[in-house]
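Colleague: I would like to learn how to read helix packing and chain contacts in a model. Can you take me through it?

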Amino acid sequence: MIYKHGVLVVGAGLAGMRAAIEAHNQGVDVAIVSKVYPVRSHSNAAQGGINAALGEGDTWESHGYDTVKGSDYLGDQDAIEILAREAPAAVLELEHWGVNFSRDEAGHLGTRNFGGASQARTFFVADITGQALLQVMFEQLVRVGVRMYNEWFVTSLIEDGGVVRGIVGMDIRSGQLHAIQADAVVLATGGMGRVFEPSTNALINTGDGMAIAYRAGARLMDMEMMQYHPTTLKGSGALLTEGARGEGAYLLNSEGDRFMKTYAPNKLELASRDVVSRAEQTEINEGRGIDNCVLLDCRHLGKDLIMRKLGQIHELALELAGVDIVERPVPVRPGFHYPMGGIKTDVDGKTTLEGLYAAGECACVSIHGGNRLGANSLLDTVIFGRRAGAAASARSRTAGSGAAEGSRLAEVALQQETDRLRALLDRPYVGELAAKVRWDMGVNMVKYCGVFRDEAGLTEMGNLLHSLEDRATRVHVGDKGRVFNTNLTSVLELQFMLDLARAVQLTALTRTESRGAHTRTDYPERDDEHWLRHIQLQYASEGPEIHYTPVTITRWEPQVRSY
Amino acid sequence: MTTYAFYPGCVAKGGAPELYQSMVAVGEKLGFSLSELTGAACTGAGVISERDPLAGDVVNTRTFAMAEQLGHPIMTICSTCTGVMAQVASRVNHDADYRAEVNQYLSDEGLEYRGTTEVKHLLWALVEDYGLDRLKDLVVRPLSGVRLAPFYGCYIVRPSKAVDPLTAGREGYLEQVIATLGADPVEEYRGKDKCCGFPLLETNRKSSLALTGKRLDEARDVSADALVTPCPLCHLNLDGQQPDTPTASTQDSMPILHLPQAIGLAIGIAPERLGLARHIIDTKGLIRKLAVAG
Amino acid sequence: MDVQLKVRRQNPEAEGEPYWKEYALAVPDHFTLLDALIQLREEVDETLSLRCSCRSHICGSCGMRVNGHANLACKTKLSDLHTDTVTVEPMGNMPVIKDLVVDLEPFWKKLYSIDPYLQPAGEVPEREYVVPADSMLHLDGVVNCIMCGACVSDCESLSVNPLFIGPTAFAKEYRFVMDPRDAADTQRLMQMNGPGGVWDCTHCFQCVEVCPKDVAPMDRIMAMRKMLVDDGVTEKHNGARRQKAFADLVGRYGRLDESRYLMKSVSMGELAGYAKVGLRSAMRGKLPPLVPHRIPEAARIRRIFERTRSTHRRRFKLHQQAQEGSRV
């Protein structure tokens, strides 16, 4: 089948649904495609909250400055200004739509502290903020009645001469491939955590949107900037919210010391995430860890506060690590969490390809630069999701007919993808499994593209990727059926992830300085003279092309960064 | 010997008098010392608390206080009563502030509950206090050759957090008792902890009867000869409504025994004394099969 | 640790009947059922289909029946199961698409049927709606719902009544009825009073028991029944009659008298349908006494009911505050 819509949003997390609602509000024929049901999206995993300078005495400039400083001056300040200025309205909109944000005694919105913030400006719903937002956004999507293609796996973009005209996707339930033509496609496919092993991310976070955009010719940016969250559970790698430290939890080393006083004497546990993760890894590397972990101590917060505000992490620590955080400190360590980098966009979500937009975690505006502040990601999704939806709508309204041309291209693309999938299904079994290749990629990405990096390791990773890419050409699909063939989708995802792993490795090798989450032990200093610029990658069959673009600075000149 | 503050519940004294009758007979034979709480009110069976949760908690706490004064644990013969009481106990026993709030409504009667009353169904009392070995010693007419499927119903097993903090420990009690009596406890019967349909009887009779029929059909599927239930409300539907269930006209009828009746049959009490003639579904065939008729 | 998984398989393309397949796996002690199923799918049998994503009880993808009861596979620690063989089946009350994957479309349609979005009244405020802190906190318990479908899977009413709106949608409805900002509570409650509504719940606690997020849907349903009566939305419904009959009889006699109860709680028209049952019971000597047994000091029970009822407070609603001209 070939379907057609004005705007097609890919991904039904917060950014995608916000984009679709905006397009609907602008009167455009919009549909949303998602490989899982909307409420299954990974936005629900954001626990801590959403930032906005909404409180008395707080200013958007302060939020902006904190974000710029958090980004280690790699964030583009024009975009960050938009983020900080639009934040209050975005949070209020969510409240008006039904998010049951925590209130203070007087019934007004209440805040909590968060890392890297000079004020308490994080609005929250217990420790299920992302879940609460995702539910409400879905409610609004249902209210306005956006057409949903749920459990569809997008395999590629329909692109011709630098213009994107739709997608080819598989209805997972039937296994049938279809094309959807669109004047504008908005990618909001979220993160790529599965490139790393372990990670805090869901199994669906395989970077699909980034990879298909990259293959279609869109540029990726800041891909060396990968965030390791300071408090992930030993074992499962599950996330324990920064909100725990926001509420006052300590980090302790094996000697019982609150070691953050050495690394961030002012903000202590509430320094930015790159700083805390680096400190933890240093403690562990220097022998003051416990079984490759440090301890997160919540005991002094008391049972009442823990159950009221940190109920989910209480449940997670208990169920997954067997630790009751009311009684005992829980072992944590830095774990892969979030890419600051992604598909390069302008402040309206426009990518380097015509007709293609991106928003949320898969995009790089860049507001997070070298390091994202906690509680800025939910904000990113709603603000830039809306803006991308608006810009895509504008394009759809002004797009010429081109329907016949689009239809021909869609048929060609559909045939190509049908053949490609057929070939995948027909591959002989030679003992290579997608899961094994992914695992080898993941553990080595954490090893060589982790909190600390150096040239030797990154070069080694480059070589490993060659062999992994080679192995991936031989993985086979054991499930030959069509209906709900998750084996087939896992092989497609592996191909996406290898492209992204290469992008991370290559840009990390290229950036010979330390900034934000990118710490090169062989280049330990930040080098503004050479590296106050973004690295962009463009796909080419002979290997990625590297481009450099300047960082936009509006009002905050780079300074020495300390917490 | 343990003495119980005996709480028979409304149905055992109303619509299912054979339950009370059989309990008294069995209690004598087992040597239970039952001190009946004649002044206690109905638990509300979930309906009082549906209308007014606080009212439900107060009337049940009143019963707990009465038992506390006697110094005995409460024993019930009704799963629903047990479940409602257990839920109330889970709220008032460990929360002194809430208990104080509830006690306010009891003070004019001179009652004050201190949070110490234990609530037990006959089933639990049998296994935990009396002991299955002692029960076995009393069995004179083993119910051998008969498949007696257990029917717990809902209230005695859910919500497990309230009803039974030690769920794992109390799982399978009914099967154990049935086996002790010499019958086959039909372990594969999947309907045992599902709904009999009774709570829907007045609001959606069709669904109610469909559920009742489903449980009976599931019992027929595993060739049960009869069901044994610790809940008289389940009995009201499984037995009393059985003729109106969707498959009744095409299927064999399924006798439903109250727990004390099953025990009574095995320990040599005459069927008449157990009120078996008072069932809607005839029990004569079952009694013949048990060869205990005389 | 060695684990034996007995998995219910079904492949629509092979058009075969469902069948059981057993797998023996060696897994680390800390493994959840989901970890084991992923290992199974990746290393042993790639044809096994299941939904899963977050691995930390928040996305709601991996609902399935484990040893007969619905749960999230990622919340089921194998070492906690204490059974030699773990049986794994697709969720109940939903058609199977393949293996452990069920068709959720009916599930979503039920959800959509309750207008699952905030419907405020009046002007949108410039800032946030100002509401009591505890009213928002109270919603957390329901906002916790991740729509995994476990409650729907094991719902007894749904198993015989496809019209029943079901525990997930009711929990969602409660979330709006209790939200001070939502002004559509009367319409919502009226819908709950209709066919498939709250009175069709059979009070079996299955949803409370299996919910992996402690949402307690049945408790929300019972709370809405109370609101229906308190708000006067329903008086004629048997459910409302039943509540009143129960309170009247227990208030009068201290205990329940079934025959009077039945007469008070079903309409005259329906009573005929019960006549047969009454007759059957009478013939077996099962009818309750004509003069009800009354407990000593029964009047105390009525007094308790009156006093507790007087403490009843209506839920806080902004649009009613506005009508009454009062301020928060």
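**Helix packing, then the interface**

Modeller: This is a predicted model. Start with a pair of helices in chain C. The axes of helix α6 (residues 167-177) of chain C and helix α9 (residues 217-230) of chain C come within 9 Å. They cross at roughly 55°.

Colleague: Why are α6(C) and α9(C) called oblique to each other?

Modeller: Look at the angle class. Angles of 65 to 115 degrees count as roughly perpendicular, and those under 35 as roughly parallel. The crossing is at roughly 55°, and therefore α6(C) and α9(C) are oblique to each other. The crossing of α6(C) past α9(C) is left-handed.

Colleague: Which residues make the contact?

Modeller: From α6(C), P167(C), F170(C), E173(C), Y174(C) and V177(C) take part. From α9(C), P217(C), R220(C), I221(C), A223(C), M224(C) and M227(C) do. Sort them by class next. The contact of α6(C) with α9(C) has nine nonpolar residues, two charged and no polar ones.

Colleague: Now the chains. How many residues of chain C are in contact with chain B?

Modeller: 62 residues of chain C, against 67 residues of chain B. Then read the area. The two chains, C and B, bury about 5500 Å² between them, with 53% of it on carbon and sulfur atoms.

Colleague: Which three residues supply more of the area that chain C buries than any other three?

Modeller: F205(C), R284(C) and K286(C), which supply 13% of the area that chain C buries against chain B.

Colleague: And how many salt bridges are there between chain C and chain B?

Modeller: Nine. D214(C) forms a salt bridge with K161(B). Their closest N and O atoms are 2.9 Å apart.

Notes:
Residues are numbered from 1 along each chain as its sequence is written. Chains are lettered from A and ligands numbered from 1 in the order in which they are written. This is a predicted model: local features need pLDDT of at least 70, side-chain atom pairs count only at pLDDT 80 or more; totals for chains, interfaces and linings use all residues. Side-chain values use heavy atoms; hydrogens and water are left out. Axes are lines fitted to C-alpha atoms, for helices over the stretch in contact, and angles run from 0 to 180 degrees between N-to-C directions. Helices (H or I, at least four residues) and strands (E, at least two) are DSSP runs, numbered from the N terminus. Angles under 35 degrees count as roughly parallel, over 145 as roughly antiparallel, 65 to 115 as roughly perpendicular and the rest as oblique. A crossing is left-handed if the near helix is turned anticlockwise from the far one by less than a right angle, and right-handed if clockwise. Contact means heavy atoms within 4.5 Å. Ala, Val, Leu, Ile, Met, Phe, Trp, Tyr, Cys and Pro count as nonpolar, Asp, Glu, Lys and Arg as charged, and the others, Gly among them, as polar. Buried area is the accessible area (1.4 Å probe) that two parts lose on being put together, summed over both. A salt bridge is a side-chain nitrogen of Lys or Arg within 4 Å of a carboxyl oxygen of Asp or Glu.
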